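Please open the structure in your viewer and keep the selection tool at hand.

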Amino acid sequence: MSTTVDRPAVPAGAGRLPALVDAAALVDAPGGERAWRDLVRSARHANPFLDPDVLLPALRHLPPPGGARLLTGGTEDRLELLLPVTTGHRVPRNPVRATVAWQHTHHFLGTPLVAPGLHQRGWRSALRDLAAGGDAWFVLPLTDLDVVQDVEAAARGLGLTSRRLEERVRPVTHRHEHDDYAAQRLSGRRRKELRRVRRRLDEAVGGGLDLVDLVDGATAPAVEAALEQFLGLEAAGWKGTDGGAFAANPAERAFFLESCRALAADGRLEVLALQGHEGGPVAMVVNLRSGDALFTFKIAYDEQHAAYSPGLLLYLEQLSRFHTSGAALVDTCAEPDHPMARRLHGDDRCLVTLAVSLGPHRGALAVRWAHTVTRLAGAVRRHRAPTRQREDHP
């Protein structure tokens with residue numbers, strides 16, 4: 001990753017940050033990391049994937065070709081905007097290069113970190129800065145609707161074209177007044193059936209089946225053991241077979257361990273295990289906590305117990321645990337039509353992929369072309385037979 005910035009950094013506290021800055025340069029700047037962490041805590045929408053404890057390991061271990069830099073707004077003392085982007089990006093089926101908000105394989109929310117007071121004014125400034133970089137258009141994927149509306153208004157104010165390329169409705173759960181999540185989503189007959197399945201699973205693991213947070217108050221060696229236990233369980237399942245497990249890729253494994261260690265040290269990681277007296281966990285889930293929201297990062301289960309639906313049982317117990325935790329939101333990080341996530345989580349989070357021109361000619365044409373191509377691709381997908389999804393990852 002390059003350590004250069006587009007423009008010389010201004011003296012600390014004296015003025016505005018460069019529009020595009022290398023992450024390492026921001027951390028090294030006086031007050032830079034503190035301002036980043038302040039923005040993480042105060043951002044309009046929590047996004048753990050843009051936390052320095054997660055994003056910096058991702059940039060180290062999973063960098064995109066050519067590297068990524070941070071689009072920033074504000075000053076070195078007070079950040080108002082932060083978003084990793086790649087410039088000169090070749091978007092499939094579009095000949096015009098773009099600046100694109102960067103997401104790696106394990107990054108499930110595109111919403112930038114924006115200060116509560118950053119609205120159209122801040123985005124007008126950001127769009128001008130991106131235009132000065134030379135790319136003709138900008139792509140902002142999987143972003144919360146209110147932020148997208150601010151960007152659209154800023155683009156209109158500058159006479160720029162914007163189009164929504166895709167809208168997804170992600171299953172989430174907002175906090176209820178009472179712990180009635182299962183009763184709200186599952187019929188009485190289904191809940192009775194699951195209680196019977198749970199009793200059979202409890203017998204299979206020697207009794208004492210319970211949900212335990214393996215890293216809550218744990219020592220560093222215990223945290224390490226919990227993370228390795230999750231990696232082993234994941235690798236033993238279908239993800240290990242198809243190469244999608246963290247353990248199958250040294251860079252992804254390093255990213256997972258480094259980011260989880262940092263979050264655990266600050267009490268912002270949960271590694272929940274559903275386990276009994278005999279054998280190891282039958283299911284595990286890794287949750288990231290950011291502000292008052294929990295994000296379901298990864299889940300794995302022991303396939304020898306698949307007949308007892310261990311993943312579903314774990315999620316039901318996790319919903320009760322979420323209620324007692326005081327958190328306000330569980331974000332499943334799941335695809336919109338994921339069967340288990342949709343079955344258990346009754347609320348929606350609308351995420352939009354937006355394209356914005358950064359100039360009147362090539363940029364506007366590129367945005368319109370991207371919109372047309374996306375609509376055609378969507379029509380093709382809708383005519384294909386749906387693919388059955390595995391139910392072990394909301």
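**The whole chain.** Begin with everything displayed, bearing in mind that this is a predicted model. Colouring by secondary structure brings out 13 helices and 13 strands in the protein chain. Along the principal axes, the C-alpha atoms fill a box of roughly 65 × 50 × 40 Å. How does the radius of gyration of the protein chain agree with that of a compact globule? For 394 residues, such a globule would have a value near 21 Å, and the protein chain has 22 Å, which agrees. Of the 394 residues, 52% count as buried. The protein chain exposes about 17400 Å², of which carbon and sulfur atoms supply 50%. Among contacts between residues at least 6 apart in sequence, 74% join residues at least 24 apart.

**The largest nonpolar core.** In soluble globular proteins, nonpolar side chains tend to be buried together. Select Trp36, Leu82, Phe256, Leu269, Val271 and Phe297: of the 57 residues in the largest nonpolar core, these touch the most other members. Next, centre the view on Phe256. Leaving aside residues up to four places away in sequence, Phe256 touches Leu227, Phe230, Leu231, Phe246, Val286 and Phe297. A second, separate core has 24 residues, including Leu20, Phe138, Val352 and Val356.

**Helix H2.** Select residues 32-42, which form helix H2.

**Ser357.** Finally, select strand E13 (residues 347-357) and locate Ser357 within it. Is Ser357 buried or exposed? Its relative accessible area is 0%, under the 20% limit, so Ser357 is buried. The side chain of Ser357 reaches the backbone oxygen of Gly359 at 3.4 Å. Now display the surroundings of Ser357: not counting residues up to four places away in sequence, Ser357 touches Ala136, Trp137, Leu160, Thr161, Gly363, Ala364 and Val367.

Note on methods. Residues numbered from 1 in each chain as written. Predicted model: local features only at pLDDT ≥ 70, side-chain atom pairs only at ≥ 80, totals over all residues. Heavy atoms only, no water. Core = buried A, V, L, I, M, F, W, Y, C linked by side-chain atoms within 4.5 Å. Buried < 20%, exposed > 50% of the residue type's maximum accessible area, 1.4 Å probe, protein only. Contact = heavy atoms within 4.5 Å. Helix = DSSP H or I, 4+ residues; strand = E, 2+ residues; numbered from the N terminus. Polar contact = N/O pair within 3.5 Å; in protein donor to acceptor, adjacent residues only side chain to side chain. Rg over C-alpha atoms; globule rule 2.2 N^0.38 Å. Areas by Shrake-Rupley, 256 points an atom, 1.4 Å probe, with all protein chains shown as cover.
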